[in-house]
Amino acid sequence: PAPPVSLGYISFTSTADILVYNFFYDHEKPSFEDISFIFRTVSSDGILFSAHNNDAGHSPLLIGAHIRDGYVSVVFLKSTYTQQLSANSTQLNDGNLYRLNIRRNSNGHGFIQLQSYVGVTPLDFYTQPGEIKFSKVVVGGADEWSRIRYFGTRVDFVGCIIDLFQINGNSVIKPADIPKERYNCNVERRGGHPTSTPHSYV
């Protein structure tokens, strides 16, 4: 099949702009192998996304990312085990483009890449081996039960996220469902750096 084509960046200005996608059947649920998207913001705090499987009969699972004081953190929860990794080398609330890529293999080894106009910041993390599937993906925020407990904030993301929010190469966001007026996303840059595509983005 042809690769998905982006129509541009979608604006997120309030809780009303959060995009929620539910997957009710097991064959529809995306597995946790590769999550990738590009965003820009000038806000110091906000939840970028959350994905979880909290179905009956399954142990609680959550993966998500949020910005706090300008730095990005990735949260992983499985049952009672929680990891939080922070990329403290780069503040992201400067209005420039950043690409966040979270990958995991079947052995449970994962890595996080934060790509920007100045290079790549890598982080490693470890989870239990085996397949992990999501029953719900929230772009631009999180469910109420997870906001304070796991992200430490109720603040939703304010800024722009590309409509190619991909899990395993498939875009979760359906551009046809997005009002055209949300494609007018403009963020004032800070610091004078050019707003360019992050390294290694294709």
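## A strand residue to start from

Ile161 sits in strand β12; strands here are DSSP runs of E with at least two residues, helices are runs of H or I with at least four, and both are numbered from the N terminus. This is a predicted model, in which local features need pLDDT of at least 70, side-chain atom pairs count only at pLDDT 80 or more, and totals for chains, interfaces and linings use all residues. Residues are numbered from 1 along each chain as its sequence is written, and side-chain values use heavy atoms, with hydrogens and water left out.

With a relative accessible area of 0%, Ile161 is buried (buried is under 20%, exposed over 50%, partly exposed in between, using a 1.4 Å probe and protein chains only). Leaving aside residues up to four places away in sequence, Ile161 touches a set of residues including Tyr9, Phe12, Phe37, Leu48 and Val139; a contact means heavy atoms within 4.5 Å. Ile161 and Leu48 are 113 residues apart in sequence, yet their C-alpha atoms are 8.7 Å apart in space.

A disulfide joins Cys160 to Cys185, with an S to S distance of 1.7 Å; the rule asks for a pair of cysteine sulfur atoms within 2.5 Å. The torsion about the S-S bond of Cys160 and Cys185 is about -90°, so this disulfide is left-handed. Cys160 and Cys185 are both buried, and the count for the model is one disulfide.

## The fold as a whole

The protein has one helix and 14 strands. Of its 202 residues, 51% are buried. Among contacts with a separation of 6 or more, 66% come from residues 24 or more positions apart.

For another strand residue, look at Lys78 in β6 (residues 71-78). Lys78 is partly exposed, at a relative accessible area of 23%. Lys78 and Leu62 are 16 residues apart in sequence and 6.7 Å apart in space, C-alpha to C-alpha.

## The largest pocket

Rolling a probe the size of a water molecule over the atoms shows where empty space is left. A pocket is an open set of points on a 1 Å grid over the protein atoms alone, where a 1.4 Å probe fits, with protein on both sides within 12 Å along at least five of seven lines; lining residues have an atom within 4 Å of a point. The largest pocket holds about 150 Å³ of space, a volume being the space filled by probe spheres set on points joined across faces, edges and corners.

Tyr21, Phe23, Glu28, Ile167 and Lys174 are among the residues lining the largest pocket.
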